[in-house]
Amino acid sequence: MRAVSFQRLALALLLAVLAQPGAAASEVNLYSSRQEKLIKPLLEEFTKKTGIKVNLVTGKDDAIIKRLETEAANSPADVLFTADAGRLHRAQALGLLQPIQSQSLEEAVPAAYRDPSGHWFGLSLRARPIMYVKDKVDPATLSTYEALAEPQWKGRICIRSSDNIYNQSLVASMIATQGVEKTEEWARGFVANFARRPTGGDRDQIKAAAAGQCDIAIANTYYLAGMLNSEDAAEREAAERLAVFWPNQNGRGTHVNVSGAGVTRSAKNKDNAVRLLEFLASDEAQRWYAEVNHEYPVKPGVAWSDTLKAWGEFKADSVNVAKLGERNADAVRLMDRAGWK
Amino acid sequence: MSTAVTDIPLAPPRVPTGRRRRVSAWQTAVVALTLLLALPVLVVLGYLFNPSAEVWAHLANTVLADYVRNSLLLMAGVAVGVLTLGVSTAWLTSTCEFPGRRLFEWALLLPMAIPAYIIAYTYTGMLDFAGPVQSQLRAWFGWSYGDYWFPEVRSLGGAVVMLSLVLYPYVYLLSRAAFLEQSVCVLDVSRTLGAGPWRSFFTVALPLARPAIVTGLTLALMETLADYGTVQYFGVSTFTTGIFRTWFGLGDSAAAAQLAALLMLFVFALILLERWSRRQARYHHTSNRYKALPRYRLQGWRRAGAVLACSLPIVFGFLLPGAQLLQWTLATAGRMVDAEFVELTLNTLMVAGMASLLVLVLALFMAYGRRLHPARSTAFAVRVAAMGYAVPGAVIAVGVMLPFAWLDNTLDGWLRAQFGISTGLLLSGTLAALIFAYAVRFLAVSLNAVEAGLGRIRSSMDDAARSLGLSPGQVLWRVHAPLMRGTLLTALLLVFVDVLKELPATLILRPFNFNTLAVRTFELASDERLADASSAALAIVLAGILPVILLSRSISRSRPGHHHAA
């Protein structure tokens, strides 16, 4: 009879769920909002070197943090890895991370890109400069993010939605240096210059600019780098129509955020966790970031990919990235008020 | 000559006095189960008692009006879209004869296998300003930006089209099942009385099928309200994007939960509408005499029109996006398909299989409990438990995570204090927690189908079986289950396909080293590597197609009087 076979199957499947394999002897458990494809090769390298098995769950930053928070002291996670500093700061504020002392980490990661007390460490930099269409914009007319609110840019700017953390961090960095009021005034002018309602992701802004819908796109550099090194000829062609302009070089510097990691308060494999962090800050791992992902390594002196070299050195915003997290909610509200969809 | 009887309210099955105790045990179990399944939703609603007036004032002053307006417009648009596409194609394929009808019967279900966010990615890739279509137009006519008008894909209208294209199969499926189950005699009578095809449709078939159509519509609209991927990608601010923005951007989970609670009010209104529409009249067929229905043989422009009407949804809802995915996949498969990819696929199939079985058992149990005991309290409990369908997966996930972690940590603390044993997390971060979340999220799908199926079985059947000495459970297994085999399979497969596509809850709740195809697709797509994401996306579509075809065949077979040789 049909019903019986359903029941048997259900029971068998339930048993299969409960019979999960036990924990390996030497391992480290990682909660990550960096995507699997972007870290897995590094983790495999780590396992090969140390014999420590890495267990991984990926997810969106806030959801991962929420999971860590609800699981509390019993959480299996040893390391929290996120794609931006704001979230690391939030995890720290919630008491989910513990400070660690590691000389090699402190030497590898400059002070602006880590928590002073050692709760978390930046591991790669993501810069968000201005990108302009080469045959339409004279770079001499570009200067700062602030200047993009001027009327000469009316209908010429492409940028994605304010739902996105990169834009939230960018605005948060402006609030951190010039306060809410001035930033809001800027945002109103900036939004008035949009060529279209914000849609799509960073690559879409670059493509729209290349296709002629706007003259300027704001996007993270590794997207442009990814397109320049794409297998798809159309993508390469689109990306080649744009150039990078590093804004605010005479002032606070170009906006950067980090991806980074910290050891959780509940860590049961703390030593392994520290070893993993140290590995991620090593020359070998840092070079991988620069060459494969086209992100900027945090560690000074590590070689860049040719694409990154071609864009040249730049001055990065020196405000400690932790500030971006503190100002994030203010930034979202400000963008709501300014009508940045 | 047999007739169909409408508008006769039927008394609930009479219960022999000696069995009253067992029935109330059944009822107690149903209420307990619904409470468990409603727990995540209740946890979210619980945030209502923790108001954050200041955030609300900000939302009300800036974006709330947009959320409400866009959500309503989206629902209205999708309702029109899915009804037009779903009912017309269901009627054509079940009562008319035209070239390709057999093919259309199952092919019309194919778009269901494509997740809304994936169809959104593909159409954006094709129709965006920088995409091949517009670039080609510009190359041909020498236009540049601003010289010409082209519909913007990433807009509210675009979202309506995308969602309608992948959600109309719900309406098609349920209304077609209803058209097919309609006693042939009813239609025969209407024909012998001289009603033409159109009149038969509007005065007889459509009213008879109304409960099924409304059920399909409700599912489509709940899915619309819970959609995050599409509207977020299109930059349309709805309740769902608002919830995420408030939670993640403003870091205010209480206000986010309150938005979610407000969203649930929408859903509640929908559910009431559906109930109301069913309560208006009860439709049963009293006839058990069937014969093969002579189909309307369409000629001339009618024939062409029918072929066109059935082709369009398939071309735009499946073939075009499928071709785009295939093209991307061919370009990237060498890099993207490896041993790990096979594991992903197996994981996905396994978890979808487990969840859909569990949900079917739960739905059957609950729907039958309601039939045994049509008390207000049971009905209400079942409704609340089914609300999970319209709640965004991420919100459900948090609703699951909080009570599970609390239970685990409390148990661990107690055992430590009493016996010095630490159990750690028993449930949190296991597949069991994830499958529970699927059950909460997709119960409504299964429940609606099962209830519709049970509703078509006259309660006199129950009475007869009970008077012959069967217990309620035996009635369910020996009488109802065989009668509704098609319905049960439908319920099973609908959930299976939904779990295949599910993303946000999977992302938050899954155990270590466990990925699904949807997770892989999302990760690559959110990194804006659409071409790389396409192999996983195509695998979801392919894994969804087989159940969809099975489903369609089973419906054709379930038709009373259907010739099996056909």
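Start your tour at the meeting of the two chains: 54 residues of chain A are in contact with 53 residues of chain B. Keep in mind as you click around that this is a predicted model.

**Stop 1: the side of chain A that touches chain B**

Select α1 (2-18), α2 (36-50), β2 (53-58), α3 (61-71), α7 and α14 (328-338) of chain A; each of these elements gives at least two residues to the side that touches chain B. Which element supplies the largest share of that side? Colour α1(A) to find out: the largest share, 7 residues, comes from there. If you now colour this side of chain A by residue class, you will have 19 nonpolar, 16 polar and 19 charged residues on screen.

**Stop 2: two crossing helices**

Stay in chain A and pick helix α7 (residues 202-211) together with helix α8 (residues 221-228). Their axes come within 9 Å and cross at roughly 65°, and the crossing of α7(A) and α8(A) is right-handed. Show the side chains here: A:Asp202, A:Arg203 and A:Ile206 of α7(A) meet A:Tyr223, A:Leu224 and A:Met227 of α8(A). Sorted by class, this contact has 4 nonpolar, no polar and 2 charged residues.

**Stop 3: the two domains of chain A**

Next, colour chain A by its domain assignment, which gives domain 1 (26-125 + 258-302) and domain 2 (127-255 + 317-338). The C-alpha centres of domain 1 and domain 2 of chain A lie 27 Å apart. Where they touch, 16 residues come from domain 1 of chain A and 14 residues from domain 2 of chain A. On the domain 1 side of this contact, select α4 (85-93) and β5 (121-127) of chain A, each of which supplies at least two residues. The largest share of that side, 5 residues, belongs to α4(A). By class, the domain 1 side that touches domain 2 of chain A divides into 6 nonpolar, 5 polar and 5 charged residues.

**Stop 4**

Zoom in on B:Ala439: residues up to four places away in sequence aside, B:Ala439 touches B:Leu37, B:Ala355, B:Leu358, B:Val359 and B:Leu362.

**Stop 5: chain B as a whole**

Zoom out and switch to a cartoon of chain B, which has 23 helices and 4 strands. Of the 566 residues in chain B, 53% are buried. Among the contacts in chain B with a separation of 6 or more, 85% are between residues 24 or more positions apart.

**Stop 6: B:Leu74**

For the last stop, select B:Leu74, found in helix α3 (residues 64-95) of chain B. Is B:Leu74 buried or exposed? B:Leu74 counts as buried because it has 25 C-beta neighbours inside 10 Å, and 20 or more are needed for that label. Leaving aside neighbours within four places in sequence, B:Leu74 is in contact with B:Leu156, B:Ala159, B:Val160, B:Thr224 and B:Thr238. Finish with a distance label from B:Leu74 to B:Leu443: these residues are 369 residues apart along the chain, and their C-alpha atoms are separated by 24 Å.

Conventions
Residues are numbered from 1 along each chain as its sequence is written. Chains are lettered from A and ligands numbered from 1 in the order in which they are written. This is a predicted model: local features need pLDDT of at least 70, side-chain atom pairs count only at pLDDT 80 or more; totals for chains, interfaces and linings use all residues. Axes are lines fitted to C-alpha atoms, for helices over the stretch in contact, and angles run from 0 to 180 degrees between N-to-C directions. A crossing is left-handed if the near helix is turned anticlockwise from the far one by less than a right angle, and right-handed if clockwise. Two residues are in contact if their C-beta atoms, placed from the backbone, lie within 7 Å. Ala, Val, Leu, Ile, Met, Phe, Trp, Tyr, Cys and Pro count as nonpolar, Asp, Glu, Lys and Arg as charged, and the others, Gly among them, as polar. A residue is buried if 20 or more other C-beta atoms lie within 10 Å of its own, exposed if 12 or fewer, and partly exposed in between; C-beta atoms are placed from the backbone. Domain bounds come from an automatic or database domain assignment.
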